[in-house]
Amino acid sequence: MCAPARAAEPQLFVLPAVLTNSLAGDHAELARGVLGAPAARELFATRFRAAYPNVVQRMSDGDRLKTFVVSLQVPRVSEYSIPKANGTVERQLAMTGSLYFTNVVTGEVLFSYTATAYRSDTALQSAGPPPEALQRARLHDLYDALLADLVGKSRAAFRPFEITAAVKGFAGELVILDKGAAAGVGVDDSFLSPDGELRVVFAEAQYAVAQPQLGGRPAAGSQWSKISTNRLGEIDRPRAVVRVAANGSPFADAALEQMFADALGEKAPLNLVPVNASYSAVVDSVRQLTDLRADRTTGRRLPDYFVRLSVAPTITFVMPTNVAHKTVRVTQGRVLAEIVDRNGRVQYAGFGEDTLQDEITGGMGYDGAARAEVAVRNAILDLARKMGAQLKLDRADLRVQAASGGTVTIADPKGLLRVGAAFSIVRPAAPAPYAPGGVLAPIWSGQVTSTTEGSAGGELALPVYAGAPAVRAGDVVRVATVGAPPVRTPPVRPCSGSETLGARRVTGFEPLALNRFASAPGRETELAEFAGATAEALAQTGQFEAAAPLGAAGAAMCVEPVSRVDLVKEACDERGVCTSEVALRVTYRLKRDAEVVFRSGLETTVRTRAYYSGVAPAEREALIDADVASAAATLLRTLAEKSDFQQALSGR
């Protein structure tokens, strides 16, 4: 397949502001003052205009559809202090920034890029914290370095191309375009012209079907275009948005989301959609700075899936060696992910991890905070590699068997549909030489309400356009799913928390236990609250449509994970080399309301890695935590797969 030709650079308008509405971390208030100053705003605008061509000084109604607004958001500033043996302290400062190229009329994010800049300063420990004036200067210098990195690297990564399509025909109110997925066209893409916007609602390899958003019915043969940066292999995959549910790392959420998207790339059958969390603020700012009309098109369609990302707190400890001036620092990172459909059902659950061992000689070695970041990055890479190997895309055209009174019966011989799943019904609309059997066009949307062996029942929700024809037997239901096929066991949701018995805890136990439970085959795990909250958060940005009612939460039972960790003994040999023996027990309780209806547990003895008897107590405790957490991940998965558990869920 040939790639589309490289386009002329799109028209860009720089928003002269640094958005800090979600800024978190150390010195947040001080950073807001530095970044909100006129000098910071002007520095951003100047740097960007110098790097990118086609930057316009103003926007008008005439060009608002073809202009992308470039906004800068700084979500996090962090500081780490590392005392040194020589009486000094090293202060490391980190700042994360994200660029978004957004069409404020259509809500489409063309491109986004996130970078983090660092600086390090050394001072005497006796001097105490630096004065505020010095902190401001450090923050401004770091911001300068961030802009250089962010603008320079984003410019190298920004590879837009233009897709031009002609109107070839009509299907009711829908418009048939002569370019499809083979040319880089995907569902929810916006094609623009001076006459308005066409939003793609269906795409095949050689054509696409679109719905007018602004303006009237376009003329046959009229030319429409869009700018894209998507890789062609991602176009016809289900769309997904990444949301960070728990963040025990030093990274900002936006940085984690981009790291995950970059690591996943083309490995898994998902098309990750960028989200501009400050979209509403960008729109408001542009309207204050310009004379643009307030009209805009409807919000973009919610993605098919939400990726729930959880980053466990890194565990770090330093162990002495048999050489007096050498120590070894161990850093362990873990990242969890669940792919959740719009109705809250988990389609896939996996995790990645990484352990670093660094030799420190005479107190000199890699900085601990920096190594924690590397461990998290490597864990994300490990997770992406596993997802690429394990996730598969299932495609099928199912047929409507019967339709009556707003309900349909769908032939589903492979059991691809699950209760609560949304579907779209399409029908041949017009003959075309590039579409054997005719151009397919969507007519109705609906939702699955029941499943049986070989078929599924559903309710029709809304017509795709006014006057859409009634659904009839023989119409096509297009299905594209990722993850495991649906199962017939009842869904299970998480209870309100976990329980820890004894004095010790397993680091990151609750999200780890839920992830391992959901990863077991033959399991229906429901995260309806997460799906609902994510859909609402996306709608609140103004970039996406208001959340449609999700499928009713069907989980009558919840699962409560329980852990118990007891230190049994420590044994040391004549050389002073020791190990600790730890008893670990994990349990899953199935509850209906407050009643425990089933419980199952497993236990094991964890023998830690070796250490020297003179190790500091805090370092020994961290070592035990790391080894227990690794053992818990394996034990939880084995427990979740036990046959008696499956029997309890099936009611046998």
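Visitor: How many disulfides does the count come to?

Guide: A disulfide is a covalent bond between the sulfur atoms of two cysteines. With a disulfide taken as a pair of cysteine sulfur atoms within 2.5 Å, the count comes to two. Please note that this is a predicted model, in which local features need pLDDT of at least 70 and side-chain atom pairs count only at pLDDT 80 or more, while totals for chains, interfaces and linings use all residues. Residues are numbered from 1 along each chain as its sequence is written, and side-chain values use heavy atoms, with hydrogens and water left out.

Visitor: Which cysteines form a disulfide with sulfur atoms 2.0 Å apart, and which distant parts of the chain does the pair link?

Guide: Cys495 and Cys558 form such a disulfide, with their sulfur atoms 2.0 Å apart. Cys495 lies in the loop between β25 (492–494) and β26 (499–501), whereas Cys558 lies in strand β27, 63 residues apart. Helices (H or I, at least four residues) and strands (E, at least two) are DSSP runs, numbered from the N terminus. The torsion about the S-S bond of Cys495 and Cys558 is about 85 degrees, so this disulfide is right-handed. A disulfide also joins Cys572 to Cys578, S to S 2.0 Å. With bonded cysteines counted along the chain, the pattern is 1-2, 3-4.

Visitor: Is Cys572 buried, partly exposed or exposed?

Guide: Buried means under 20% relative accessible area, exposed over 50%, and partly exposed in between (1.4 Å probe, protein chains only). Cys572 has 41% relative accessibility and therefore counts as partly exposed.

Visitor: How many residues has the largest nonpolar core?

Guide: In soluble globular proteins, nonpolar side chains tend to be buried together. A nonpolar core is a set of buried Ala, Val, Leu, Ile, Met, Phe, Trp, Tyr and Cys residues joined through side-chain atoms within 4.5 Å. The largest has 41 residues, and Phe317, Val506, Leu584, Tyr588 and Leu590 are those with the most contacts inside it. Its largest share, 12 residues, comes from α9. Apart from this core lies another, of 39 residues, among them Ala31, Leu43, Phe68 and Ala115.

Visitor: Which residues of α2 are buried?

Guide: They are Ala40, Leu43, Phe44, Ala45 and Phe48. These residues pack against several elements, including β1 (11–19), α1 (28–35) and α3 (132–157).

Visitor: How many aromatic pairs does the structure hold?

Guide: A pair of aromatic rings is described by the distance of the centres and the angle of the planes. Rings of Phe, Tyr and Trp (its six-membered ring) pair if their centres lie within 6.5 Å; planes under 30 degrees apart count as stacked, over 60 as edge-to-face and the rest as tilted. The structure holds 10 such pairs. Phe48 and Tyr52 are stacked, 4.1 Å centre to centre with 10 degrees between the planes. The rings of Tyr52 and Phe158 have their centres 6.0 Å apart and their planes at 50 degrees, so this pair is tilted. Tyr52 lies in the loop between α2 and β3 and Phe158 in the loop between α3 and β7 (161–171), so the pair ties together parts that are 106 residues apart in sequence.

Visitor: Which residues do ring pairs link into a cluster?

Guide: Phe44, Phe48, Tyr52, Phe101, Phe111, Tyr113 and Phe158 are linked in this way.

Key:
Contact means heavy atoms within 4.5 Å.
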